[in-house]
Amino acid sequence: MKTLRARIAAILLVAAMGITLSACSKDDADNILEKPSAADSNAEVSDNGDKNEDSSSAENNVSEETNAPIEDNTDFMKQEITFGLDPYGQSDNVQDPTEAPTQQATAAPQTKIVTKKVVVTEAGGAAVTDAEGEKVTEVQTEIQTEAVKYVPAPVSEPIYWLNMTKGSDGNYDKVFNGEMFVFEFKIKEGTPDGNYPIMLSAPDFVNWDEEQLDVKTVSGYVTVGDVAPTQPSQVQPGQFTISAAGAQGKVGDTIKVVLNISDNPGLVAMLFRVEFDQNALEYVTSYAGSAMAGL
């Protein structure tokens, strides 16, 4: 069995969570993760190669140095689900999306008013002339439309969550399904009608045994205007999946995009990325869904 210190280190490494913790949490994490004790150095190796650990290990919630109970550090052991906390302090602008919308957004026509002089003609088409024989002209105004190519601007942001506290059932792995996370977006002015993907990628889900879980991602679409909605891929029963539900609205609307989780085998940490078109969708807010309540 591993000490709690070693387990935390392994899970954080496997989950690739390079996100800065709060100052208090970081100090406590350093104390837990970076200070080897004499008990670790002197631990005997069993026949199967594993270190034997005594009853004063951190996993038994007892200090290895003082033999006193260790208080739970909730701030460190439990990080709420968070969107957009890039470890480098900025978003990743994605130039080449890995998945294109099945229906490309139509370019929004741009209108302009044009004035010009035209020759006045008679009913038969002959030019009207004045007393001096000059052609008579008049100013006409017309509205012209020009198709303007729409250029998407995909941006990719991380979502992460960590909860290594023991549940009321005595287990560390958290099993929850349903509404995991909710986004609110405003559809920007000038957004052409079309289907705009909400893509989920780079999933890294880990359980208490430090195993990376096999999880499938299913992208969803925000449908703008009167076009037919693009249908996402089907979620396969029995397959651990995170999926984005579709949403529909018109320019100026604020819509909700729900991320769902299904067939969750139990986990303590997750990290994945969400990509959307920031030229079409303005991020408003996000929050944990009903499935995360009470964790």
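## Ground rules

Two strands count as paired if DSSP finds at least two bridges between them. Helices (H or I, at least four residues) and strands (E, at least two) are DSSP runs, numbered from the N terminus.

What you're looking at is a predicted model, where local features need pLDDT of at least 70 and side-chain atom pairs count only at pLDDT 80 or more, while totals for chains, interfaces and linings use all residues. Residues are numbered from 1 along each chain as its sequence is written, and side-chain values use heavy atoms, with hydrogens and water left out.

## The chain at a glance

The chain has four helices and 14 strands. Of its 295 residues, 38% are buried (under 20% relative accessible area, with exposed meaning over 50% and partly exposed in between, using a 1.4 Å probe and protein chains only).

Now for contacts, meaning heavy atoms within 4.5 Å. Among those between residues at least 6 apart in sequence, 78% join residues at least 24 apart.

Five strands make an open sheet with mixed pairing, in the order 8-10-12-6-14. Strand 8 (216-218) and strand 14 (281-288) sit at the edges with a single partner strand each, so one side of each has no neighbour in the sheet.

Let's zoom in on strand 10 (residues 241-244). It runs antiparallel to strand 12 (residues 254-262), and four bridges join the two. Here I242 stands opposite I261, and A244 has L259 as its bridge partner. Strand 10 also runs parallel to strand 8, with three bridges between them; K216, for instance, is bridged to T241. Both faces of strand 10 are covered: T241 and S243 are buried on one side, I242 and A244 on the other.

## The nonpolar cores

In soluble globular proteins, nonpolar side chains tend to be buried together. A nonpolar core here is a set of buried Ala, Val, Leu, Ile, Met, Phe, Trp, Tyr and Cys residues joined through side-chain atoms within 4.5 Å. The largest one has 37 residues, and M180, L259 and F272 have the most contacts inside it. Elements giving two or more residues to this core include strand 10, strand 12 and strand 13 (269-277), but strand 6 gives the most, with five.

Which residues does M180 touch? Leaving out residues up to four places away in sequence, its contacts include I242, L259, I261 and F272. There's also a second, separate core of seven residues, among them L162, Y172, W208 and A269.
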